[in-house]
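Thanks for coming. I will go through one model today, chain by chain, and then stop for discussion.

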Amino acid sequence: MSKIHVTTTVNGDPAEFLATPGMTLLDALRDELGLTGAKEGCGSGDCGACSVIVDGRLVCSCLMLAAEAEGQRVETIEGMAQNGQLHPLQQKFLEHAALQCGFCTPGLLMGAKALLDSNPDPTETEARYFLAGNLCRCTGYDKVIRAVLDAAAELRQERTPA
Amino acid sequence: MSQLAYLAPSSPEEAAKALAASGARPLSGGTDLLVQLRSGRTSPSLIVDLKRIAGAVGIREEAGGFVIGASTSGAVLGEHAGLLRAWPGVVEGANLIGSTQVQGRASLAGNLCNASPAADGVPALVAARATCVIVGPNGRREAPVESIPAGPGKTSLAPGEFILEFRLPARPPRASDAYLRLTPRTEMDIAVAGAGVNLVLHEDGTVAEAHVALGAVAPTVLHVEAAGAALVGTRLEDEALAALAAAAQAACKPISDKRGTAEYRTRIAGVLARRAAVIAYQRAGGQR
């Protein structure tokens, strides 16, 4: 089977890999690039565990072919902490105990990041609708939403000049 | 297992040529195709990614109307202020498809050509009298949106044909539209029934032109001319809305399944048509 050479940017760094034509972006991230943060939950776009941001859009990486990522910017959970410093969303997930098994967490964090990138001051309802495509089967959603809104408040404060 | 190949042509002609081969499938957002690939429901020999064709992604205004690239994602549609002002119903239908993640990829052409009777993106397009520009091995043709679905999972497109763009007509003053659907959950669900209504008003607030389209109540989307006719010349008085609902219900021929019985779907289609008409009327500046 002939493989496709794909050139992308992953978390700000150039990345190249070989993909089979039917390979999903999720499989390329996990198996070719060793980025195992994005998870496969359902493989059909229902659960959001594989969420990554491609050219600024939140997508399910299981619903995208790796070949489609040619020339695009891919952001994954591995790029969220900067220089060993957790992103405020990650910190707030810990503080609010917004995870138990953690399988949905990378996807929820990428979803929450996409939300706050486009809407720094979401209402609880907006946050719940935006994240409706991220399923969690053990923690539930209240702690997650509290963590997201708390992180949003902190990020807004960081942006306000003292 | 047959060998799969992937192609991302940059010209529509090249895409049509590739799609004419047996076993070729077009790819837009992929939110249906990748699920089918994985489940084994389809096993194509070639995937033709249409998103690298000029004009396949994006929205432009032309002659007072809009041209929407067939592979444009729902997220992009929802962020276009001009489209949202002129065709809020078309945008709200497209934006009801799936989650934020799905909105980042899913397209109107994919929703139309997947040919689910319950496709949320389609009724408002039909009510809008939108057309599609189709490219195929024999060149281009333009066809009304409602001529594309031929039954559940089936389209009228010939081998090699694909939709390049949608065209929405110019908007006169005092015109608007709306789409409503019923789902058991508020998010991430499939319509039990859906209704799109597109209205143009006279200066005195009476309806000059009305189009009503229903989803999930027949094998394909329905353009119910009698339902639109029931509104023309009225200000959406209660009797007019009752006539609209009756005409809409008379056109329904739904199935019964786990989402709803045929009787329930029929009843709900009338309710949704009535409510969508009132929203479209208010958006067009009408006062009841």
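One term before the packing: two residues are in contact if their C-beta atoms, placed from the backbone, lie within 7 Å. Please also keep in mind that this is a predicted model.

I start with a helix in chain A. In α2(A), residues 88–95, the buried residues include A:L89, A:Q90, A:K92 and A:F93. Why do they sit on the same side of α2(A)? Their arc around the axis is only 165°, which places them on the same side of the helix. In general, an α-helix has 3.6 residues a turn, so residues three or four places apart point the same way. Just after α2(A), A:A97 has a positive phi of about 50°.

Now the domains of chain A. The assignment gives domain 1 as 4–79 and domain 2 as 88–159. Taken over C-alpha atoms, the centres of domain 1 and domain 2 of chain A are 21 Å apart. Where they touch, 13 residues of domain 1 of chain A are in contact with eleven residues of domain 2 of chain A. Strand β3 of chain A, residues 51–54, gives the most to the domain 1 side, with three residues. By class, that side of domain 1 of chain A has eight nonpolar, four polar and one charged residues.

Next, the contact between the chains. How many residues of chain A are in contact with chain B? There are 24 residues of chain A, in contact with 22 residues of chain B. On the chain A side, the elements that give two or more residues are β4 (57–60) and α4 (124–130). Of the chain A elements, β4(A) gives the most, with four residues. The chain A side divides into 13 nonpolar, nine polar and two charged residues.

One residue of helix α4 of chain A gets its own remark: A:R128. Is A:R128 buried or partly exposed? With 17 other C-beta atoms within 10 Å, A:R128 is partly exposed. Leaving out residues up to four places away in sequence, A:R128 touches A:Y141 and A:I145. The C-alpha atoms of A:R128 and A:V144 are separated by 9.5 Å, and the two residues are 16 residues apart along the chain.

Over to chain B. Chain B is divided into domain 1 (5–47), domain 2 (59–168) and domain 3 (175–283). The C-alpha centres of domain 1 and domain 2 of chain B lie 18 Å apart. Their contact takes twelve residues from domain 1 of chain B and 18 residues from domain 2 of chain B. Helix α1 of chain B, residues 12–19, gives the most to the domain 1 side, with five residues. That side of domain 1 of chain B divides into six nonpolar, four polar and two charged residues.

Last, a sheet in chain B. Four strands form an open antiparallel sheet in the order β11-β12-β13-β14. β11 (175–182) and β14 (222–223) of chain B stand at the edges with a single partner strand each, so one side of each has no neighbour in the sheet. β12 (193–201) and β13 (207–215) of chain B pair over eight bridges. One such pairing joins B:G196 to B:A213 in β13(B). Helix α5 of chain B, residues 88–95, packs on the sheet and touches β11 and β12 of chain B, its direction making about 25° with that of β11(B). Helix α10 of chain B, residues 238–251, lies across β12, β13 and β14 of chain B at about 35° to β13(B).

That is the tour; I will take questions.

Note on methods. Residues numbered from 1 in each chain as written. Chains lettered and ligands numbered in written order. Predicted model: local features only at pLDDT ≥ 70, side-chain atom pairs only at ≥ 80, totals over all residues. Nonpolar A, V, L, I, M, F, W, Y, C, P; charged D, E, K, R; others polar. Buried ≥ 20, exposed ≤ 12 C-beta atoms within 10 Å, placed from the backbone. Arc of directions from axis to C-beta. Domains from an automatic or database assignment. Pairing = 2+ DSSP bridges. Axes fitted to C-alpha atoms, helices over the stretch in contact; angles between N-to-C directions.
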